[in-house]
Amino acid sequence: MQEDNSVTIVTVGFTSNIAELLNSKPDKFSNLSGMDLVKKKVKNWVAMAGIIPNGVEFNVNEHKEAAYEAFSRWPKPILLSGFEIGDKILTGGKVAKQNISKNPAAWAYQYNLATYDKNLLSNRPSWDQTAVLCAVRNPEKYFYVNGPGKFIVYKDGSNRWDADINAGHYFLAHKYPYEKISTIIENLMLYEPGN
């Protein structure tokens with residue numbers, strides 16, 4: 001059982017699960033609705049989503065109904081790692097050079113870098129990794145954190161940042177050269193825990 005106001009949720013894809021959570025009813029696992037459970041247990045949500053200050057981004061647009069529901073109803077703070085953050089932070093090349101027989105991530109990167117585009121890629125954008133990094137570590141160590149404001153998702157799947165409304169939403173902006181954060185993330189990706 002988690003302490004109250006202690007859980008950080010991170011999403012790196014569609015927000016279908018967040019919308020479902022907010023709409024869920026009490027069940028055999030909890031006598032609280034999903035909304036009440038979030039209000040009680042969750043500290044914040046870190047999402048790889050959107051383009052700041054406005055645009056149309058894949059994770060929001062591809063399941064726009066869920067994104068509209070999740071971002072408009074979420075009752076706790078949100079930290080956004082937008083498309084523009086991970087797009088310039090390139091990683092994966094060092095991981096792809098590892099022994100694939102011992103490291104499934106190395107195999108995945110080797111395959112992805114060779115097949116994602118018609119040309120062999122040396123690295124990939126780190127959209128998801130930036131969100132995860134900021135969910136588990138202090139984001140201000142790596143990025144500027146801007147806000148509060150409100151991340152607005154429209155029913156058509158587009159989004160906009162409104163700095164004039166304090167909804168407890170925040171977004172990342174680059175603080176360091178892209179290569180510095182790339183190296184930090186790549187080193188974390190290369191870390192092998194002891195046996």
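Across the whole structure, a search finds seven aromatic pairs, where rings of Phe, Tyr and Trp (its six-membered ring) pair if their centres lie within 6.5 Å, and planes under 30 degrees apart count as stacked, over 60 as edge-to-face and the rest as tilted. The pair of Phe-71 and Phe-151 is edge-to-face, because the ring centres are 4.9 Å apart and the planes stand at 75°. This pair joins distant parts of the chain, since Phe-71 belongs to helix α4 (residues 64-73) and Phe-151, 80 residues apart from it, to strand β7 (residues 143-153); helices (H or I, at least four residues) and strands (E, at least two) are DSSP runs, numbered from the N terminus. The model is predicted, and local features need pLDDT of at least 70, side-chain atom pairs count only at pLDDT 80 or more, and totals for chains, interfaces and linings use all residues. Residues are numbered from 1 along each chain as its sequence is written, and side-chain values use heavy atoms, with hydrogens and water left out.

Phe-71 is buried, with a relative accessible area of 2%, and Phe-151 is buried at 1%, where buried means under 20% relative accessible area, exposed over 50% and partly exposed in between (1.4 Å probe, protein chains only). Ring pairs also link Phe-71 and Phe-151 with Trp-45 and Trp-74 into a cluster.

Phe-83 and Trp-127 form a stacked aromatic pair, 5.2 Å from centre to centre and with 25° between the planes. Because Phe-83 lies in helix α5 (residues 83-86) and Trp-127 in helix α8 (residues 127-136), this pair ties together parts that are 44 residues apart in sequence. Phe-83 is partly exposed, with a relative accessible area of 31%.

Helix α1 (residues 16-23) has Ile-18, Ala-19 and Leu-22 buried. These residues cover an arc of only 100° around the axis, so they are on the same side of α1; the arc is that of the directions from the helix axis to the C-beta atoms. An α-helix has 3.6 residues a turn, so residues three or four places apart point the same way. The buried residues of α1 pack against β1 (7-11), α2 (34-41), β2 (42-47) and α4, where contact means heavy atoms within 4.5 Å.

Charged side chains also meet rings: the charged end of Arg-124 sits over the ring of Tyr-116, 3.7 Å from its centre, and Lys-180 lies over the face of Tyr-176, at 4.1 Å from the ring centre. For such a placement, NZ of Lys or CZ of Arg is within 6 Å of the ring centre and within 35 degrees of the ring normal.
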